[in-house]
Amino acid sequence: MEPQRLRIGISCYATYGGSGVIAAEIGMAMARRGHSVHFIGNDVPRRLDRFQENIFFHEVEIRDYPVFVAPPYALSLASKIVEVSTYESLDLIHVHYAVPHATSAYLARQVLGPKAPKIITTLHGTDITLVGNDRGYLPITRFSIMESDGITTPSVYLKQATHDKLNIPSSVPIEVVSNFVDTELFSPADSPCPEGFERRLHVDCLEQTKCIVHVSNFRPVKRMTDVVKIFSLVQREIPSRLLLIGDGPERSRIESEVRDAGLSQHVVFLGKLEEFDDILRQSDVFLLPSESESFGLAALEAMSCGVPVVCSKAGGLPEVVLHGKTGFLADVGDVESMAGFVRQLLTDKALYDSCSVESRKRAVEQFNEKLMIDRYEDYYRRVLAQPVRSHDSSAMPPS
Ligand code: GMT
């Protein structure tokens, strides 16, 4: 007998960031498997801006009124989930990033009663380590997570952090389903520098000029100052360029640090790019010296292109990057060691080639889309089959 086709709702932040990318990829993959997928959010997630069979987008209208301190997005989202669930008979709603999506889903479920879809919450990182852990959000975040019918994290690290930081009892199961990468899109270069690449990026792709790349949302957690310091140490000895992809609150400060360090000629700020696989595959090393990282999707995308990663030993990064095999890890803030590892990679061809091959191999074998979509689909069916949970979500976290 054919397995039942599911009616799935997905809510996520559509902005530049890994959680939106993963949510969109899960939705597209589920749709290709014949499930109906309804995205509910304030904007269309990346790569969903064209017609795709079985995919529907429902925009949350953010209404403002003079009495509001700020437009209550969480309420508008909850109302939209109620509406879509009612008319599309959703089996489940899969929310990405707990704040406020898990809370909106919980509210919607209360309104919908017995016909409500099951709620699956995927935690992504700062929703636990920063925002959700903030006293101003903690009680409601913890409650909403515990009220979910299923909870997933992309790493063992984030699962443990969720139990520890939010005091979620170990009796509440959390499923680890790793992030994944489109290994066909993020694939190694099959030729040297493509026509026009140098001109477009203001970099020269001469064999002797190496490209170091970093992709992020330029927030303090990414330690952009360390990116510049590491590059500065490398650049003194090896002709190289630093390509910075993304934008965010740290951008102006980092631009000024680059100017002060006299590195403007060597650093290119490329801004937010919808597509950057071509740049990744032409790069030599990917840098990610973050303070904390639940997984590090950008590092995995680089690995999939055969680009070794030098990163901090933070959070879930050691679950993605294997020290000495697919790249190198050092303590958070240890820029000297990270610069040393970059230099080693750029000067030892045998080491570089082996790390490049192993990076690609690890991405393809351990973090491919099919593997993880199978796991999500299986998890969806298990959650749908289980009776309503019965633990007490009301207890306050410790003060
Ligand atoms: O939590 C965030 O900072 C935002 C979030 C996002 O929406 O991009 O990033 C997190 O989720 C990604 C996808 O699961 C992970 O790859 C990132 O490591 C994670 N960021 C942090 O933990 C800082």
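Serine 356 touches Gly306 and Pro308, leaving aside residues up to four places away in sequence; contact means heavy atoms within 4.5 Å. This is a predicted model: local features need pLDDT of at least 70, side-chain atom pairs count only at pLDDT 80 or more, and totals for chains, interfaces and linings use all residues. Residues are numbered from 1 along each chain as its sequence is written, and side-chain values use heavy atoms, with hydrogens and water left out.

Stay with serine 356. Its place is in helix H14 (residues 349–366). Helices (H or I, at least four residues) and strands (E, at least two) are DSSP runs, numbered from the N terminus. Serine 356 has a relative accessible area of 18%, so it counts as buried. Buried means under 20% relative accessible area, exposed over 50%, and partly exposed in between, with a 1.4 Å probe and protein chains only. A polar atom of the serine 356 side chain lies 2.6 Å from the backbone oxygen of glycine 306. A polar contact is a pair of N or O atoms within 3.5 Å; within protein, one must be able to donate a hydrogen and the other to accept it, and residues adjacent in sequence count only if both atoms are side-chain atoms.

Eight of the eight residues of H11 (residues 297–304) are buried, so the helix is largely enclosed by the rest of the structure. Among them are Leu297, Glu301 and Ser304.

Two of these residues also meet phenylalanine 186. Phenylalanine 186 touches Glu301 and Ser304, and its other contacts include Phe276, Leu280 and Arg360, not counting residues up to four places away in sequence. Phenylalanine 186 lies in the loop between S7 and helix H7 (197–201). It is buried, with a relative accessible area of 6%.

Next, the sheets. Seven strands form an open sheet in the order S3-S2-S1-S4-S5-S6-S7, with parallel pairing. Its edge strands are S3 (55–59) and S7 (175–176), each pairing on one side only. Helix H1 (residues 18–32) packs on this sheet and touches S1, strand S2 (36–41), S3 and S4; its direction makes about 155 degrees with that of S2. Axes are lines fitted to C-alpha atoms, for helices over the stretch in contact, and angles run from 0 to 180 degrees between N-to-C directions. Strand S1 (residues 7–11) runs parallel to strand S4 (residues 92–96), and four bridges join them. Two strands pair if DSSP finds at least two bridges between them. Isoleucine 10 stands opposite histidine 94 in S4.

Aspartate 49 sits in the loop between S2 and S3. With a relative accessible area of 64%, aspartate 49 is exposed. Its C-alpha atom is separated by 40 Å from that of aspartate 331, 282 residues apart along the chain.

Another open sheet has six strands in the order S10-S9-S8-S11-S12-S13, again with parallel pairing. Strands S10 (267–271) and S13 (327–330) stand at the edges with a single partner strand each, so one side of each is left without a neighbour in the sheet. The twist averages 20 degrees from one strand to the next.

Look at strand S11 (residues 285–288). Two bridges join strand S8 (residues 210–215) to S11, and isoleucine 212 stands opposite valine 285. Three bridges join S11 to strand S12 (residues 309–312), where cysteine 311 is the bridge partner of leucine 288. In a regular strand the side chains alternate between the two faces of the sheet. In S11, Val285 and Leu287 point one way and Phe286 and Leu288 the other way, and all are buried. S12 and S13 pair over four bridges. Helix H13 (residues 335–347) lies across S8, S11, S12 and S13, running at about 170 degrees to S13.

Finally, the ligand. There are 15 residues around it, and Gly18, Ser19, His124, Thr126 and Arg219 come nearest; the cut-off is a heavy atom within 4 Å. A ligand oxygen atom is 2.4 Å from an N or O atom in the side chain of arginine 219. The backbone takes part too: a polar backbone atom of phenylalanine 295 is 3.2 Å from a ligand oxygen atom, and one of leucine 297 is 2.9 Å from a ligand oxygen atom. Taken alone the ligand exposes 480 Å², and the protein buries 93% of that. Accessible areas come from the Shrake-Rupley method with a 1.4 Å probe; for residues, only the protein chains shown count as cover.
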